[in-house]
Every structure is written in C-alpha cells, then in structure tokens.
Amino acid sequence: MDERKPWEQAAAVLPGPVRDGLRALGADKLEGLEELRLRRGFPMTALLPEGETEVDGPPIGEDGLRQVLENATQSSAHTALDKVCQGFVTLRGGHRIGLCGTVVKKDGRIVTLRELSSLSIRVAKPITGLAGPLLRSLTEDGRFLSTLILAPPGAGKTTLLRDLVRSLSDGEAGTPLRVSVADERGEIAALWRGEPQLYVGRHTDVLDGCAKSEGLSILIRGMNPQVAAVDEITRPEDARAVIEAAGCGAALIATAHGAGTDSLARRPAYRELLAAGVFRRLVVLERRGAARSARVEALP
C-alpha cells in the first residue's frame, strides 16, 4: 500500500528540480493541491483552492515534458504517445495526466501526439461521506431515485458521483445494490491494470474507456445493474442511451455542467432527458473557494 500523500504520489513523476520547487510551497498548501500545469517555456504552476500560482523553478522544456511522460508510463515518450489516443494517462493512485501537443491523425482518427506542448497532472483525492447527508432525499420508499448532479466546473460533480456509487454499492442506503459504471474518461474509478484506484464499492462493475452510449448498452446487457452511473452527458447519443437504460429498469446517476434547470432546458440532450422524466432528483452543487454546498430538488 502506498503511504504517500496524494500530492506526493502525483508529484513523483516530475523531474527532480521541478519537484523540489513544488515542495517549497509548504505542506499546508500542498494538502489542497488540485492540479499541476506544465507548459513549454514557462515555470510549472500549481492549482490550489485559492487559484493558480507559479512554482519556483526553471521554465519547462520539451525534455521535461517527455521526462514526465516517461516516468508516468515507464516507457519512452515516443512509445507512450503512440498509445495515448484519448489524450490522458492514468497513474497508480488514480491521478491523471492530460496531454496537449500536435495531433497526428490517420483515416480521420487520432493515432498519436507529437511535439508535446503542455501537461496537466490532476491530483486524485478520494473523499468519502459526501453522499451520506443526501441519501434520504434521494430515496423514496426505500428505492434510490435516478439523480442528476449539476454544477459548474471544479465544484465536485465527479467526486459526489463517485461517493454516491460507493454508498449505494456498500449498502449505506439499505440493501447493497449492483452498480455499473460507464467510465468513459477514467475519472470515476480510474482503473489501473484492471483495478479501481478510487474506491467505488464492493458491488460495483466498471467499464473503462468506452463511449457512454456504447458502454451503458454493454453494461445493461451483460451486468444486470440496479443502478448505472456515467459522468457528464454531452451528446444526443448519450441521452438516448440513458433513456434506454432507464427503460430497462435501472436507476441512473449522471452529471452535467450548469447552474440550474433553466440552463439544462436550453440544451437539446437534456431537454430530451427532462421530457422523458428519466431523473427524479437534481443535486445542485456550488463552490466558493474551498467551501462546497449541495441542495436537492425534486424533478417532475
């Protein structure tokens, strides 16, 4: 078991001088570290609850970016880039490196990246207990109601979704439920060599790296879930897959960017979901600095 703190695990892939500059921020600040940003030609920055701050150290060059990728994948940067078609790498511990650079396509599909321009290291910090205060409002006659989590970026949508999955799977709302997760971007469970790096419960099955529209169909057919969970719904085909899953009897958990039902009604995919009555509860998250709040609304 890795006893290092989450920020230490994520920072382990950095070149030594860059990592030393990060440590100079001090332990108190680093406990709240959310992301590290490495951009060619500039010193690294750290995203903290109070904002993005520059870290003392040399400007990041192409060699530094490639060294991070090599450390993360334990292979040459060239070999790693040939495998990174989705634009990110998942690290042990659930941390994730997003990549930017020049895209190389073949037959209309991304096959590799070259000439890296920037990296983003997102620090995974598992948080449990968020769902507990909400569970009573999300159940009716002992049955979990399909729930949509709505919030602006960075307010904790995926964190709450993950904790809802965990709590339902482990029986905190009553009898443990079979939960299936279509983890298209690897952000919910963060599979690493087949093992979730972020705990999602004892009765949870995870399909990683598959489009939500396909993944939900596979899970409904193959895993017989009582609850199915997906991260942000963005495409019409996602909405149709969610409606189909609901029609098969599974409760749904999903997330969306926005600030209220009015913002949802302006987006075609969500208009379809609202009209179909898929979701019975809406959880609206807000964030002010490090403080977060949640309120539950009933949907018709």
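Modeller: Let us begin with a term: a pocket is an open set of grid points with protein on both sides within 12 Å along at least five of seven lines, and its lining residues have an atom within 4 Å of a point. Please bear in mind that this is a predicted model.

Colleague: Which residues lie nearest the centre of the second largest pocket?

Modeller: Rolling a probe the size of a water molecule over the atoms shows where empty space is left. Here, the second largest pocket is lined by 40 residues, and Gly154, Gly156, Thr158, Thr159 and Arg292 lie nearest its centre. Two or more lining residues come from each of helix H6 (157-169) and strands E15 (251-257), E16 (281-288) and E17 (291-298). H6 gives the most, with five residues. This pocket holds about 1100 Å³ of space, and its lining comprises 17 nonpolar, ten polar and 13 charged residues.

Colleague: How many cavities of 30 Å³ or more does a search of the whole structure find?

Modeller: The search finds one. The largest cavity holds about 40 Å³, and Val18, Met44, Val55, Asp56, Gly57, Pro58 and Ile60 line it.

Colleague: Which residues of helix H2 are buried?

Modeller: An α-helix has 3.6 residues a turn, so residues three or four places apart point the same way. In H2 (residues 16-23), Val18, Gly21 and Leu22 are buried. They lie on the same side of H2 because they cover an arc of only 100° around the axis. On the other side of H2, Pro17 and Asp20 are exposed. Among the elements covering the buried residues of H2 are helices H1 (6-11) and H3 (27-30).

Methods. Residues numbered from 1 in each chain as written. Predicted model: local features only at pLDDT ≥ 70, side-chain atom pairs only at ≥ 80, totals over all residues. Heavy atoms only, no water. 1 Å grid on protein atoms, 1.4 Å probe; cavity = no way out; pocket = protein on both sides within 12 Å on 5 of 7 lines; lining within 4 Å. Points joined across faces, edges and corners; volume = space filled by probe spheres on them. Helix = DSSP H or I, 4+ residues; strand = E, 2+ residues; numbered from the N terminus. Nonpolar A, V, L, I, M, F, W, Y, C, P; charged D, E, K, R; others polar. Buried < 20%, exposed > 50% of the residue type's maximum accessible area, 1.4 Å probe, protein only. Arc of directions from axis to C-beta. Contact = heavy atoms within 4.5 Å.
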